[in-house]
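Welcome, and please take a moment to look over the structure before reading on. The notes below will walk you through one part of it.

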Amino acid sequence: MFFPFLFIISVINSFYVQGVHSAESKEFTRGNPITSDVFAPTAVAMDSDDNIYVTESSNNRLRIFNASGNFVKKLTGLKKPTGVFVDSGRKIYICNPGRKNVEVYDSGLNLLYKLGSGNGEFQFPSAVAVKNSGNIYVADAKGDTVKVY
């Protein structure tokens with residue numbers, strides 16, 4: 001059986017990632033971390049302008065930073081958000097296990113809709129991804145399924 005485990009070898013300000021079954025290594029240089037009022041982040045996503053979206057389950061919020069890591073705005077009132085994805089049209093998809101849903105917002109942080117039947121559609125939505133074709137994939141960790149819309 002094949003297991004794609006990764007070994008990470010730390011080297012002061014750089015690190016290398018090498019797959020177990022791979023002959024090549026790639027060097028990465030660490031940038032400055034985002035630490036501005038971030039508490040227990042659970043997921044991160046980026047948009048086409050390199051803005052950074054961070055969910056914080058314990059603070060029930062989404063925080064948005066610009067490409068330089070400076071705070072831009074936040075969305076509060078979520079219920080234990082775990083996953084986040086931003087599509088090419090700048091719609092923001094947030095897994096919200098406390099409400100058992102996935103909420104979709106516009107770039108102004110206005111609620112557009114909830115996937116499926118809304119609250120209670122999922123047992124524990126944990127991750128979301130959107131294909132260029134528009135298909136939406138949601139991992140339901142407790143439902144042992146990936147729902148497709």
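This briefing covers a strand with its partners, and then a loop residue.

The model is predicted, so to speak of local features a pLDDT of at least 70 is needed, side-chain atom pairs count only at pLDDT 80 or more, and totals for chains, interfaces and linings use all residues. Residues are numbered from 1 along each chain as its sequence is written, and side-chain values use heavy atoms, leaving out hydrogens and water.

**Strand β13**

- β13 spans residues 136-140; strands here are DSSP runs of E with at least two residues, numbered from the N terminus.
- I136, V138 and D140 make up the covered face of β13, while Y137 and A139 make up the uncovered one.

**Its two partners**

- Strand β12 (residues 125-130) pairs with β13 in the antiparallel sense over five bridges; pairing takes at least two DSSP bridges between two strands.
- P125 has D140 as its bridge partner in β13.
- Five residues lie between the strands of the β12 and β13 hairpin, where G134 takes a positive phi near 105°.
- On to strand β14 (residues 145-148), which runs antiparallel to β13 and is joined to it by four bridges.
- D140 has T145 as its bridge partner in β14.
- The hairpin of β13 and β14 has four residues between the strands, and D144 in the turn has a positive phi of about 50°.

**Loop residue T82**

- T82 sits in the loop between β7 (71-76) and β8 (84-86).
- T82 counts as buried because its relative accessibility is 13%; buried means under 20% relative accessible area (1.4 Å probe, protein chains only).
- A polar atom of the T82 side chain lies 2.9 Å from the backbone oxygen of P125.
- Not counting residues up to four places away in sequence, T82 touches several residues, including T42, C95, F124 and P125; touching means heavy atoms within 4.5 Å.

Note on methods: Buried < 20%, exposed > 50% of the residue type's maximum accessible area, 1.4 Å probe, protein only. Polar contact = N/O pair within 3.5 Å; in protein donor to acceptor, adjacent residues only side chain to side chain.
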